[in-house]
Amino acid sequence: MPSRELDRGAVTGAPHAAGTVAVRPDADPAPSSILAERASRFVSADDRSDSVIAAILANRPTATVVHAEVAEDVPHIVKIRGFSLHYGEKQALHDVSLDVPVGKVVALIGPSGCGKSTLIRCVNRLNDLIDSVRTSGVLTIGETSVLGPETDVIGLRKRVGMVFQKSNPFPKSIFENVVYGLRIAGEGRRSVLREVCERSLREAALWDEVKDRLDESALQLSGGQQQRLCIARAVATRPEVLLMDEPCSALDPVATAKVEELIGQLRGVYTVMIVTHNMQQAARVSDYTAFMYLGRLVEYGPTEAIFQNPRCRDTRDYVTGRFG
Amino acid sequence: MSDSTEPSHLDRATPAPAGARVATRRSVLLLDRAMSLIIRLGGIGIIVAVLGIFVFILWQILPLFRGAAVELASSGRAPPGARLMLVDEWSERPGFLGADGTLTFIDLVGDAPAESIDLAGRVGAQITAAHLRPTTGTIALGLEDGSFALADVNYRAEFDDGRRRVVPEVNVGAPIDLGGGRGRVLDVDYGDSGRDKVAAAIVEVEGKLEVRAVVLTQRRTLVGAGRIEVRGAFDATPLVGGTPKAVLASSKGDSFLVVTDEGEIDYFFAVDSGFELRQRFSPFEDQPDPRISMAEFIFGDVSLALVGVDGTNRVFSLFVPEGQSVRTWGRTKQFPPLPGPVSAYTKSTRTKAFLVVAGSLASLRFSTTESIRWQEELPFAPRLVAISGKNDRILFVDESSRLHVYALSDPHPEASWRAFFGRIWYEGADRPGFEWQSTGGTDDFEPKLSMVPLLIGTLKGTFYALLFAVPIAVSAAMYASQFAHWKVRAFVKPLMEVMASLPSVVLGFLAALWLAPIIETRVPSVLLMLLLIPSAGVVLGLLWSAAPVAVRNRAGLFGELTVLLCGLLVAGALGWIGGPLLERLVFTVPDPAEPGRRIADFRLWWPAFTGADFQQRNSLVVGFMMGFAVIPIIFTIAEDALSNVPQSLRSGSLALGASRWQTAVRIVLPTASAGIFSALMIGLGRAVGETMIVLMATGNTPIMDFNIFSGMRTLSANIAVELPEAPHHGTLYRALFLGAMLLFLMTFAVNTVAEVLRQHLRERFRTI
Ligand SMILES: Nc1ncnc2c1ncn2[C@@H]1O[C@H](COP(=O)(O)OP(=O)(O)O)[C@@H](O)[C@H]1O
Ligand SMILES: [Mg+2]
């Protein structure tokens, strides 16, 4: 689906520089009663100024607090500026700006339904599968614009790997699952495929468990193994960015620990954007954390800072478990 | 539950026992039990119903595979010394021709006194030979003076007081001279087709045997049949190769056969000037003793039942051998041998059955299927035998002139395993083959009941329908589920359902009256379109993928569809227009009227080039129309199967950089393979059982080839076509049930195989 400029809230002018507080007018309709209720529950009168809900209620633009560390002169691979997204009439992302440094792990946290998956799925244009999606803003990977009509979506997706919330191995052998990305790219040499298969499975810390049964169906693996297989499949094509949408939400603690350990090993090799609703996990695996709330990016900074010393009221409430 | 003697407050203090607290309400249990009973009954009911149908059909077809039942019904006395026996339809008044030339009728059921007619007296000469044609009841009588006479026996049924009385009536014609010298007639036969009449005889003139034949005419007058007159006499003696032993005149009135002592048969055929010796053959030339013990026609007079002196039993039939132009006799059947020469013979007057007796062994044999219907060593040695016209009695007369009446029950002599599934050398055919032709124009027609052409026809129709339908339906399903914009999908699915609801009689009607005439003249166009449209799709796809990304992205799904549709339309139009051009270039045949010129006509080219038929109502038409009926079924089920492939798998593939096509072919299609397979099988089942379209859109000729430009007859259409002509419990009726059983079994087999394969596929591409 080609992206279209939105009628409202269109991005004008230069992209926001990271590190500045992005304050944008928001033309959202009147706040709903649910928001009002939430506001009364969680936001005391004196810190309304700090709250997204308060801003929405007051029909004020919301702001993203970006910590200086992310804005420092590190190279960024994914740049998101003033990005908005509509599902039909419903706006799911409001003017999100987010830069992802190369080789780092960025965690997206926030209550369910705040648009984390939506945002991450924009990076590889997987939202194209949904007919009603319209986007505006800027999203680039390296030098390539992701949203433009000139974008070669298939080429883009080869550079961006993705691991889904629910493991989705293909009904094929383990081997074929891992080398699928190479096969569709036209690689047919058995030796290359074998090599890549082994490397990827090792990277996904699965090699020792499956090396003797590569030709068996991937569906015979356990849930945790399946998810690691999906990670192996995603890294087999050596993507520049690896997207992970709640990769551990369907796993037991042991499998979760393994995947987390794996993400730790992938750090530095791949740039990882990971969505999680588990704050301990975000704290354990990520370098930077972005807190999203109600379709807005509220605060973005080093993981330690977000969890220990958040600047926004909403962030503090969320990481301390006051709502979510 | 608490004890009623306890105070009530204690009741409340102690909680009810656990069993009572967690007990399900009785009504729930009751409903549960009732429902499971009903569901179980329903399930069993369905199985019972299907089994019931199966058993019923089996019940209807089993009698086809039974032999004849013969048992002694009664016995009595026959006039002594009879040389010939005939019997009426009801086997009440058999007649016996005695050596003295009297024809005596006795009464087997009533007590009418024996009735004698002095034939010799009527014709005024001693009878020296007699030959009965059981079919017409005509006895050809050879006389001592070298002439012959015809005695016609007619049985008339009279009813008084509701009781039937059979009254024999005998008409004796005036003696007819055979031409040539005077002498004893040793054998005579007479054949009459109504128009042509021929008589042949062996006459002993001054110690030498002569073979004579006469062609007769009967002048018809307003008041009835006139006198029979001789139109020409012919002396075959110089042409006969050996010592004549017997003569046979064909009831076609155009030929006669002379059997010689040496074991040869000379076949004479009527030509303008008399007769020509058309063929001389020795049916047992390969046997140590080639002599012939018996030669007689089988009902219809195009087959000869022959027994050698050693008991070898063969049937020869008249057919045009390959590469020749006239019919001659050739061996078509070989029966198990008899223990010795034949002592009595008779044939059925309704079917191709004949009964031979050798010694005391009687054997009822059926020529078409080369089978022995019944064979038994009798406690006596029959000298004369006759089968009643209703085919329900066999009469034997033994050496001591005792008459034995046997009840015969053989309702389906034409049926046998071989008749339905084996190659059979039918009368008139030049080789054994599979044929279906249940009824014919004449009484002596030989029913041909092979199921094989019908099975082939069914497979042929199904094959062409699926050939057309499967690629279209599956790709349409793939398009709708994987590629189409949801708006297109929302439009296509209901459209397909409308298509599925079209009654097949409408499709058949369209096929026969609209499509067939169009396709007939436009075959090259159709061929060209079949070639151009898919290749246009491929070429457009390639061009499209080579186009810049920006163009493709801007066009979107609707743009893509528009481009594709336009391309396909153009290709179709090109094919339609280019067809005649192609025809002029390629499909030409020499003009028979004007040498050197060529006519462009596919209809002529196809038979000239391939040797196969071209018919207007052909498999192509059926393929299209039946395809039309099958497409919506396959589409709907396949589309469901494809759409049910988890979105997560598609996303997973797309996220790895697979194109839509790669995703569809590598992930979605294999995962949905079980469902698609089901779709194909259900489509196959529909095509196998489809009746109206085939019935209307083909000529329903039961042929055995896979030529796309000829028709077919399927099992189902056959049932529809023949049902009105099938008398209750007749052979045809049961044969149609056999066809139904085959359909049943075919569907059953297809479904079973499909189910097994489907389970296998489902296990293989199971997704969690
Ligand atoms: N396909 C869709 N169509 C319409 N609305 C959607 C769709 N997917 C998600 N949404 C909405 O967008 C919002 C963000 O959803 P999502 O990104 O899945 O949240 P998260 O992943 O943070 O839980 C939610 O309000 C959800 O209802
Ligand atoms: Mg989500």
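The model is predicted; local features need pLDDT of at least 70, side-chain atom pairs count only at pLDDT 80 or more, and totals for chains, interfaces and linings use all residues. Residues are numbered from 1 along each chain as its sequence is written, while chains are lettered from A and ligands numbered from 1 in the order in which they are written.

Chain A has 13 helices and twelve strands. These are DSSP runs, numbered from the N terminus (helices: H or I, at least four residues; strands: E, at least two). Of its 324 residues, 49% count as buried, with 20 or more other C-beta atoms, placed from the backbone, within 10 Å of their own. Contacts require C-beta atoms, placed from the backbone, within 7 Å. Among those in chain A between residues at least 6 apart in sequence, 71% join residues at least 24 apart.

The residues around ligand 1 (C-beta atom, placed from the backbone, within 6 Å) include Y87(A), K90(A), K116(A) and I130(A). Helix 4 of chain A gives the largest share of this shell, three residues. Strand 4 (90-101) and helix 4 (116-123) of chain A each supply at least two.

In chain B, four strands form an open antiparallel sheet in the order 19-20-21-22. Strands pair if DSSP finds at least two bridges between them. Strand 21 (residues 313-319) and strand 22 of chain B pair over seven bridges. Here S317(B) stands opposite G330(B) in strand 22 of chain B.

Terms used:
A residue is buried if 20 or more other C-beta atoms lie within 10 Å of its own, exposed if 12 or fewer, and partly exposed in between; C-beta atoms are placed from the backbone. Two residues are in contact if their C-beta atoms, placed from the backbone, lie within 7 Å.
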